[in-house]
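Here is a short briefing for a reader who is meeting this structure for the first time. Keep the model open while reading.

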Amino acid sequence: MSLKTRTTAWIENITPSIEGGRYPVKRVVGEELAVEADLLIDGHDVTSALLKWRMHGEKKWNETPMHEVGIDRWRGICTFIEPGLGEFTLETFTERWLTWQHDFAKKLGAGMENLGLEVEEGARLLDDAVKRAKKLPGDAARLKELAAAMRASTLAEVKSLTDLPELFALMSAYADRSLAHEIKPPHPVRVDREQARFASWYEFFPRSAEGWPDRGSTFRDCLPRIDAAKAMGFDTIYFPPIHPIGFTNRKGRNNAARSETGDPGVPYAIGSPAGGHYEIEPALGTMKDFEWLLKQIKQRGLELALDYAINCSPDHPYVKAHPDWFHQRPDGSIKYAENPPKKYEDIYPLNFHCADWRALWTELRDIILFWARKGVRIFRVDNPHTKPIAMWEFIIATVQAAFPDTIFLSEAFTRPKMMKALAKAGFTQSYTYFTWRNYKQELMEYCQELTQTDVREYMRGNFWPNTPDILPYGLQNAPRSAFMIRILLAATLSSVYGMYSGFELCENDPFPGREEYNHSEKYHYKGRDWDAPGNIKEWITRINQARKSERALQLYGNLHFHHVESDALLFYSKVTPSRDSIVLVVVNLDPHNYQGAHVDVPLEHLGLSEQQPYVVHDLLGGHRYTWFGRRNFVGLDPGAPGHIFCVERG
């Protein structure tokens with residue numbers, strides 16, 4: 001064994017840490033990052049520890065002291081103030097000055113008088129600090145004065161001098177770190193903007209914006225739909241692909257193998273004589289029209305998310321320019337996509353491991369950079385689990401290096417470990433299994449996994465009750481109350497959620513035998529009356545208003561479930577660390593029947609007293625109730641299947 005270091009310290013069991021620092025933990029700007037670790041120092045000397053952080057590429061570290069929170073367990077807190085890739089490390093060392101101060105005070109307190117050598121040892125520690133303070137002459141001069149004063153003082157005077165706050169500050173600033181131990185390499189931190197943690201998405205097809213069943217809308221026709229989404233309280237408008245749609249093997253209504261005259265095709269079959277991923281579908285307008293619409297969206301205080309689907313129709317320019325980027329059959333033809341028994345003859349999947357893979361990956365990265373330069377900063381990525389994880393690491397890292405505020409949503413309805421791997425690789429948010437979690441126990445177990453385990457350090461669940469591809473069985477032919485329940489759960493269990501248009505109209509007609517919409521607008525224009533009777537737009541609006549008024553609903557990892565005496569009722573809280581926002585949510589999971597039961601309010605968790613009454617204000621219904629103690633009764637009818645209670649304290 002070679003002698004490489006003489007450090008006296010050991011650091012282990014760092015949290016949060018994703019696979020030993022291989023992948024970044026995620027935070028948003030201004031959010032606390034609390035780091036803990038086991039710190040060990042040989043001997044009995046006084047230990048100091050520092051949490052150090054900076055943005056990647058910076059030379060200077062920010063530092064804050066760590067404090068012991070258990071036997072050899074230390075904790076420190078830092079925050080990042082700009083989006084991008086950051087990093088943190090820990091440093092621990094023996095505090096020679098504090099150790100001397102402790103030992104000197106102990107000997108003096110024991111009545112020992114012959115302490116001249118001890119005083120000289122202390123003064124020499126100050127002499128050493130003078131050398132370390134040479135860049136600040138004022139500090140160096142003051143330390144030199146204090147060292148001389150020690151040597152000229154009585155023991156009692158030395159004790160008073162060493163207790164000076166000024167001397168403590170100087171010796172802390174110029175501590176001897178020659179035997180310090182620092183974690184290397186640093187642990188990465190992905191710092192996102194607030195929109196990564198708190199957002200409400202509204203998805204609609206621009207071509208169906210006006211709701212005409214027999215003709216399409218353009219970008220110039222989208223403003224009423226965007227204004228309606230804003231009025232409901234959504235802040236992110238999400239478009240499925242807006243690129244040219246192929247003609248070869250174009251799908252017809254309800255995924256018919258052949259289209260009829262006038263069928264608009266599937267937006268995910270990208271590429272036509274009009275171009276590919278850099279161009280606009282002519283039926284929607286021009287690039288100028290898109291730029292105009294993007295400006296209108298931003299002027300309304302909203303953001304636009306674009307769908308990034310790596311699909312190519314047989315008419316895509318890549319097919320002629322780069323046939324080697326696709327899967328070749330033995331006869332030289334290109335394979336189309338299929339998921340037996342489904343066939344997608346209108347789509348050619350790319351071969352991400354072709355001989356020219358580097359150029360392909362770079363081109364796919366450049367597509368996102370193109371739209372980012374146009375002003376788009378949010379991308380929903382279609383089926384990322386069917387592409388190489390290494391490719392996503394490359395694409396996301398390089399895009400965010402150029403545009404640190406870029407957000408990526410992973411549409412990976414797939415195996416749990418793959419979803420987590422994609423989150424580790426860099427995706428900002430992820431679709432989740434919430435779409436299929438309906439019952440109390442499974443909702444609790446799944447949400448606890450997402451928000452109360454280490455998964456929350458790197459994966460943010462974006463809750464969607466429906467998508468253009470998925471009409472869950474729980475919503476098929478379901479009553480209005482079922483839609484009210486699902487949107488309330490999505491918007492309050494997670495701080496980031498979304499819904500696909502038509503949900504507010506309680507559209508519930510399924511394709512027979514499948515979790516899909518009948519007459520899906522993926523294949524044709526969708527006729528809608530956006531103000532149809534029975535809609536739940538007002539309910540959604542009140543939910544989004546509650547989310548914006550209560551900061552507790554804007555945080556992700558603060559979800560806690562509590563006991564309620566009914567399997568049909570779900571009871572949970574979200575509370576800010578300072579308890580300036582306390583929210584209790586009760587939801588009736590039964591869309592058909594009234595349910596009532598006593599809830600057990602966690603008074604100690606909320607900072608409430610057993611003796612004092614408190615008021616709960618229902619942000620959905622507007623009513624206020626005075627509650628006493630832990631056990632209080634709640635009854636919910638399917639017509640108003642939930643409460644969002646704001647706890648008001650006098």
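A cavity is a set of grid points where a 1.4 Å probe fits but cannot get out. By this rule there are 4 cavities of 30 Å³ or more. The model is predicted.

**Cavities**
- The largest cavity holds about 80 Å³ of space.
- Its lining includes Thr 94, Glu 95, Arg 96, Trp 97, Leu 125 and Asp 128. Arg 132, Met 171, Tyr 174, Ala 175 and Asp 176 also line the largest cavity.
- Helix H1 (96-109) and helix H2 each give two or more residues to this lining.
- H2 gives the most, with 3 residues.

**Largest pocket**
- The volume of the largest pocket is about 1,200 Å³.
- Its lining is made up of 34 residues. Nearest the centre are Asn 339, Tyr 344, Asp 382, Asn 383 and Asp 469.
- Strand E14 (337-339) and strand E15 (342-344) each supply at least two lining residues.
- E14 gives the most to the lining of this pocket, with 3 residues.

**Nonpolar cores**
- The largest nonpolar core has 131 residues. Those that touch the most other members are Phe 290, Leu 364, Trp 392, Leu 489 and Leu 493.
- Helix H13 (residues 480-493) gives the most to this core, with 10 residues.
- Another core, of 23 residues, lies apart from the largest one. Among its members are Trp 97, Ala 123, Ala 129 and Val 158.
- What does Phe 290 contact, leaving aside its neighbours within four places in sequence? Its partners are Phe 219, Ile 242, Ile 280, Leu 304, Leu 306, Trp 371 and Val 376.

**Aromatic rings**
- Rings of Phe, Tyr and Trp pair if their centres lie within 6.5 Å, and planes under 30 degrees apart count as stacked. By this rule there are 33 aromatic pairs.
- Why does the pair of Phe 219 and Phe 239 count as stacked? The ring centres are 6.3 Å apart and the planes are at 15°, so the pair is stacked.
- Phe 219 lies in the loop between strand E11 (199-203) and helix H6 (223-232), while Phe 239 lies in strand E12 (residues 236-239). The pair therefore ties together parts that are 20 residues apart in sequence.
- Phe 219 is buried, at 0% relative accessibility. Phe 239 is buried too, with a relative accessible area of 0%.

**Charges over rings**
- Arg 54 lies over the face of Trp 61, 3.8 Å from the ring centre.
- The charged end of Arg 215 sits over the ring of Trp 212, 4.2 Å from its centre.

**Two single residues**
- Ser 430 is in strand E18 (residues 429-431). Is Ser 430 buried or exposed? Ser 430 counts as buried, because its relative accessibility is 2%, and buried means under 20%.
- Not counting residues up to four places away in sequence, Ser 430 touches Leu 409, Ser 410, Met 419, Met 459, Arg 460, Gly 461 and Asn 462.
- Glu 120 is found in helix H2 (residues 116-132). Glu 120 is partly exposed, with a relative accessible area of 25%.
- Glu 120 and Arg 151 are 31 residues apart along the chain. Their C-alpha atoms are separated by 6.7 Å.

Definitions and conventions. Residues are numbered from 1 along each chain as its sequence is written. This is a predicted model: local features need pLDDT of at least 70, side-chain atom pairs count only at pLDDT 80 or more; totals for chains, interfaces and linings use all residues. Side-chain values use heavy atoms; hydrogens and water are left out. Rings of Phe, Tyr and Trp (its six-membered ring) pair if their centres lie within 6.5 Å; planes under 30 degrees apart count as stacked, over 60 as edge-to-face and the rest as tilted. Helices (H or I, at least four residues) and strands (E, at least two) are DSSP runs, numbered from the N terminus. Buried means under 20% relative accessible area, exposed over 50%, partly exposed in between (1.4 Å probe, protein chains only). A charge sits over a ring if NZ of Lys or CZ of Arg is within 6 Å of the ring centre and within 35 degrees of the ring normal. A nonpolar core is a set of buried Ala, Val, Leu, Ile, Met, Phe, Trp, Tyr and Cys residues joined through side-chain atoms within 4.5 Å. Contact means heavy atoms within 4.5 Å. On a 1 Å grid over the protein atoms alone, a cavity is a set of points where a 1.4 Å probe fits but cannot get out, and a pocket is an open set with protein on both sides within 12 Å along at least five of seven lines; lining residues have an atom within 4 Å of a point. Grid points are joined across faces, edges and corners, and a volume is the space filled by probe spheres set on the points.
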